Amino acid sequence: MNEEDLLKGIVYSEFDNHVGPVIRFIHPDMILNKEYIEVISDYIVLEKHLCNEIIRLSVGNLNFLLMCMNIDNPKYERNSFTFSFGLVMSEKSLCQEIDL
């Protein structure tokens, strides 16, 4: 496997009740520039009906495999906590759509 097929980074995001979707952690830091963040910001934390699904987002030369989750609990503001975890991979990575 060559370097283009390897994992490039990870990203953790959550829905902030005051500002909306926010990327809280990226590793390595330099994997996403401001342009990438602006493009993906609407897709990093998804609506409830898309939670628990793996979403592939292709932007520029990167593929994002994102899993958005929602926890319903009255202890959270708005009675829920929504977050996502994602893998950042090269555009030439082995990401395929599979119908189950």
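A polar contact is a pair of N or O atoms within 3.5 Å; within protein, one of them must be able to donate a hydrogen and the other to accept it, and residues adjacent in sequence count only if both atoms are side-chain atoms. With that in hand, let's start at Asn70, whose side chain is joined to that of Thr82 by a polar contact of 2.6 Å. This is a predicted model, in which local features need pLDDT of at least 70 and side-chain atom pairs count only at pLDDT 80 or more, while totals for chains, interfaces and linings use all residues. Residues are numbered from 1 along each chain as its sequence is written, and side-chain values use heavy atoms, with hydrogens and water left out.

Asn70 sits in strand β4; strands (E, at least two residues) and helices (H or I, at least four) are DSSP runs, numbered from the N terminus. Its side chain also has a polar contact of 3.0 Å with the side chain of Asp72. Leaving aside residues up to four places away in sequence, Asn70 touches Lys48, Cys51, Ser80, Phe81 and Thr82, where contact means heavy atoms within 4.5 Å.

Two of these neighbours lead on to salt bridges and cysteines. A salt bridge here is a side-chain nitrogen of Lys or Arg within 4 Å of a carboxyl oxygen of Asp or Glu, and the structure holds 3 of them. One joins Asp72 to Lys48, with the closest N and O atoms 3.1 Å apart. Asp72 lies in strand β4 (residues 62-72) and Lys48 in the loop between α1 (34-40) and β3 (54-59), so this pair ties together parts that are 24 residues apart in sequence. Both Asp72 and Lys48 are exposed, meaning over 50% relative accessible area; buried means under 20%, and partly exposed lies in between (1.4 Å probe, protein chains only).

Now for Arg24, which meets Glu14 in a salt bridge of 3.1 Å, N to O. Because Arg24 lies in strand β2 (residues 20-27) and Glu14 in strand β1, the pair ties together parts that are 10 residues apart in sequence. Arg24 is partly exposed at 43% relative accessibility, whereas Glu14, at 17%, is buried.

What about the cysteines? A disulfide is a covalent bond between the sulfur atoms of two cysteines. By the rule used here, a pair of cysteine sulfur atoms must lie within 2.5 Å, and the count comes to 0 disulfides. The sulfur of Cys51 has its closest cysteine sulfur in Cys68, 3.8 Å away, which is too far for a bond. Cys51 is buried at 7% relative accessibility, and Cys68 is buried at 1%.

Finally, look at the aromatic rings. Rings of Phe, Tyr and Trp (its six-membered ring) pair if their centres lie within 6.5 Å; planes under 30 degrees apart count as stacked, over 60 as edge-to-face and the rest as tilted. The structure holds 3 aromatic pairs. The rings of Tyr12 and Phe83 have centres 6.2 Å apart and planes at 35°, so that pair is tilted. Tyr12 belongs to strand β1 (residues 7-16) and Phe83 to strand β5 (residues 80-90), so the pair ties together parts that are 71 residues apart in sequence. Phe81 and Phe83 form a stacked pair, 5.4 Å centre to centre with 25° between the planes. Ring pairs link Tyr12, Tyr76, Phe81 and Phe83 into a cluster, and Tyr12 is partly exposed at 25% relative accessibility.
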